[in-house]
Amino acid sequence: MTKERIKSNKGPFTATVTANKRIGERFYRLRLEFAGAGARAFAKAQPGQFVELDLSTATLPPPDSIPENLLDVSSRNILLRRPFSFCDLNSKGSKTCVEILYCVVGPASLRMTTLSKNDLVSVIGPLGNGFSIPEGKKTALLVSGGMGAGPLLHLAKILKEKHAKINVIAIVGAKTAKELPFEMQKSQPKDFKKYKVKSQITTDDGSLGIKGFVTDCLLEWLNKNKLTAEDTIIYSCGPEAMLARVAEIAKQHKIDCQISMERMMACGFGLCQSCAVECRAAGSNETIYKLCCKDGPVFDSKEVVFRL
Amino acid sequence: MKEKIDISVDFAGVRLANPVFTASGTCGYADELADFANINALGGFITKSITLKPRKGNPTPRIVETDSGMLNAIGLANIGLENFLKEKLPIIEKMTAKVFVNIAGETIDEYVAVAQRLSAEKAIAGLELNISCPNVKKGGITFGTDPAQVAEVTSAAKKAVGGKILMVKLSPCVTDISVIARAAVDSGADALSLINTFTAMVIDIETARPVLANKTGGLSGPAIKPIAVYLVNKVYNEVTKNTKIPILGMGGIRNASDAIEFIIAGATAVGIGTANFIDPACAIKIIEGIKKYCARKKIESIKELIGTLEI
């Protein structure tokens, strides 16, 4: 007999869909419920970690409800899993629920929209390293661009629940008001309101909140509120150009900064080596490739080399 | 009834508990899959390519999905021979599956140096000579597409491996794969593995540029399976049938039915690659599926099934 030797259980787990709610034109929130080993594995998941979903068996929506720009490629079949961070997590009794904020961008996320209550989904996770909360911080700035808000919503909740002394401020940006992935309440993202986190919206076109980039707003905020650098931390997720600018601002102000990166992945658990992130090698001018899935997706902003 | 079924195979003189390998580049260096599956249940395990010096690999994007397949252009990113021996070999020593190390190089001397060093390691059953990587500028596929170079690198490696099994991994990107297979066998290959990926390209029509940073990548996954089955059968009929050289068949295998096609075509064992990314426990499920097939077809030993294609 061969000796059983499984180091840790990351699935694949079968999760049950309990909700798949549309938010605005392009966004959805999928809620997955785990029981048994899956519930145990996910109960301890950290904000910034992610899951790999098998969407290959999900059905396409009817042609008349497929966005015009995706109609041509919608029939492509799905082979690989797709990675998603989660925006909320609730563990109660023997069940754990994970919520995923997603946007329809291609054939896989298009299929994802047809998942409905009681459908079953194969899930691998929790994967990667999430955000960490160093001792002694007094202010946490959450900076997101578009879809990047997802893991920061979960982080906001954890900060409020477990680190009540930290003042949390969210600066959320998008191209337009329509590109904000939130349910709104009095022009404020509902989730941040629920967690009692002060949030500032910016849009590139000024259709809501302050007109301009989220990074300009961050810079202005830092200049206005003279914080002690050591007491402050920035957490950020969004498009890479935005993250590069956030990293630059953090460096100028000597503030700790953790960023969540995104890469195309075939597996999500270190086998395929496709999700390389160029990083500075410790103690030399050389750069090395780290893996977004295993070494990240959350990185210290000082170590990432951006090539835009 | 079930206990009587023997799915062990003789692979170039080594007994494998079952004919299922995980293929190079899809299962890490050692126990990475152990997070998901009992890797000791595998028949064989093939490491990611190891080169003499560490390699960073290609810039991103390194992969892109296609219909029923994917392209990769990792560029042989690996920790290099010394780190492999230091960090991974101690883990391999505890594995019960037969471990083959996939080796690559830019020059014949590099292949020889890596082969020589690994030949001293007891925990390693054999080496898989990667002469078919489509994603590097020097070495790789350039060794694998010219029969004279195949002969040269194979015989040089054969001298270096001592008593270990030398398996040569073939590229499908050739006019006649049997010519290459014969060159490898005549130069001392103990086993053949086929097929590696097909050189391919995906274009972003908005920018009119290739999606992959490397421009081209290797196509793998279910899309290539029927071609792989055909090529395994061709090499079996034209090169290995009346020899003791086993074929490790691979290309797009996702389930036991796929694996059995390869065995009927002439493969002694099968390699699971891309499917590991989707279901990291899939190789283990395939082992169980092969047992069930044998039970249903009243096959007492899987060896009876090898190369039984009826035409």
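In what order do the 4 strands of the open sheet in chain B lie? The structure is a predicted model, in which local features need pLDDT of at least 70 and side-chain atom pairs count only at pLDDT 80 or more, while totals for chains, interfaces and linings use all residues. Residues are numbered from 1 along each chain as its sequence is written, and chains are lettered from A and ligands numbered from 1 in the order in which they are written.

The order is S5-S6-S14-S11 (chain B), with antiparallel pairing, where strands are DSSP runs (E, at least two residues) and helices are DSSP runs (H or I, at least four), numbered from the N terminus; two strands pair if DSSP finds at least two bridges between them. Strand S5 (63–66) and strand S11 (198–200) of chain B form the edges, each pairing on one side only. Between S5(B) and strand S6 (residues 69–72) of chain B, which run antiparallel, there are 4 bridges, and Val64(B) has Leu71(B) in S6(B) as its bridge partner.

Helix H9 (residues 282–296) of chain B comprises 15 residues and spans 21 Å from its first C-alpha to its last, close to the 21 Å expected at 1.5 Å a residue, the expected span being 1.5 Å times one less than the number of residues. Lys298(B), which follows H9(B), has a positive phi near 55 degrees.
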